[in-house]
Amino acid sequence: GGGATPSSEAVDRPFPIAPKGTAIGSSGFGPAVRDFMAFLRVERGLSSSTLSAYGRDLDDLVGDLRSRGVHDVSAVTPEHIVGHLAYLAEKRGLDPSSRAQHVAAVRTFFNYLHVMRRIADNPTRFVDLPKHHLPARRVLAPSQMRRLVEAPTPDHGELWVRDRAILEFMYASGV
């Protein structure tokens, strides 16, 4: 769908939320995005796949901002960025690693604009990266660890003392 309400097909896909070329095609964002993408390609020498990822992230940002009534790069505020990130998390359901990648691209874009003096303030300066919640590590119970360390015995051959020493070292050092 091309109206204000996205089609169910668009909502089910994690990316993109805006058509390709949304950012570059926008009169209020396009010149800045073109210059930024040229900077990434020429000065930073990024690969075409990385440039495509930046382009998708900027298309999604600009598409969302335009739907909120923000039509110029100089009008973007920290509140707009926070709203966009909340949209990605709550409405789109993007996982923390995808949101972190998106935040990094958006932050790099606005840092570039600020350094190049195209915007007075960087609206991403206080935006934190989403936290990655690592799964809890599975640890052995003390009785399991004792059985593991004591498993090598003289019955296992000449190297049983070495094997036990290795296991004790691993246990003592947290390996």
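The model is predicted. Its chain contains 8 helices and 0 strands, and a search of the whole structure finds 3 salt bridges. The structure also holds 1 cavity of 30 Å³ or more.

**Overall fold and surface**

- Read from the N terminus, the elements of the chain follow the order α-α-α-α-α-α-α-α.
- Of the 175 residues in the chain, 31% are buried.
- Where contacts join residues at least 6 apart in sequence, 60% of them link residues at least 24 apart.
- The chain exposes about 11,400 Å², and carbon and sulfur atoms supply 55% of that area.

**The largest cavity**

- The volume of the largest cavity is about 30 Å³.
- The largest share of the lining, 3 residues, comes from α6.
- The lining is formed by Ile81, Leu85, Val103, Val106, Arg107, Thr124 and Val127.
- By class, the lining residues divide into 5 nonpolar, 1 polar and 1 charged.

- Side chains of opposite charge can pair when their charged atoms come close.
- Asp35 and Arg118 form a salt bridge through their side chains, with an N to O distance of 2.3 Å. This pair links distant parts of the chain, as Asp35 belongs to helix α3 (residues 30-42) and Arg118 to the loop between α6 and α7, 83 residues apart.
- Asp35 is partly exposed, at a relative accessible area of 34%, and Arg118 is also partly exposed, at 35%.
- Arg68 and Asp64 meet in a salt bridge of 3.1 Å, N to O. In this pair Arg68 is partly exposed, with a relative accessible area of 39%, whereas Asp64 counts as buried because its relative accessibility is 7%, which is under the 20% cut-off.
- Arg162 forms a salt bridge with Asp163, and their closest N and O atoms are 2.6 Å apart.
- Arg162 has a relative accessible area of 46% and is partly exposed; Asp163, at 27%, is partly exposed as well.

**A positive phi angle**

- Most residues other than glycine have a negative phi.
- Arg117 has a phi near 60°, a positive value in a residue other than glycine.
- Arg117 lies in the loop between α6 and α7 (142-149).
- With a relative accessible area of 76%, Arg117 is exposed.

Methods. Residues numbered from 1 in each chain as written. Predicted model: local features only at pLDDT ≥ 70, side-chain atom pairs only at ≥ 80, totals over all residues. Heavy atoms only, no water. 1 Å grid on protein atoms, 1.4 Å probe; cavity = no way out; pocket = protein on both sides within 12 Å on 5 of 7 lines; lining within 4 Å. Points joined across faces, edges and corners; volume = space filled by probe spheres on them. Helix = DSSP H or I, 4+ residues; strand = E, 2+ residues; numbered from the N terminus. Nonpolar A, V, L, I, M, F, W, Y, C, P; charged D, E, K, R; others polar. Buried < 20%, exposed > 50% of the residue type's maximum accessible area, 1.4 Å probe, protein only. Contact = heavy atoms within 4.5 Å. Areas by Shrake-Rupley, 256 points an atom, 1.4 Å probe, with all protein chains shown as cover. Salt bridge = Lys/Arg side-chain N within 4 Å of Asp/Glu carboxyl O.
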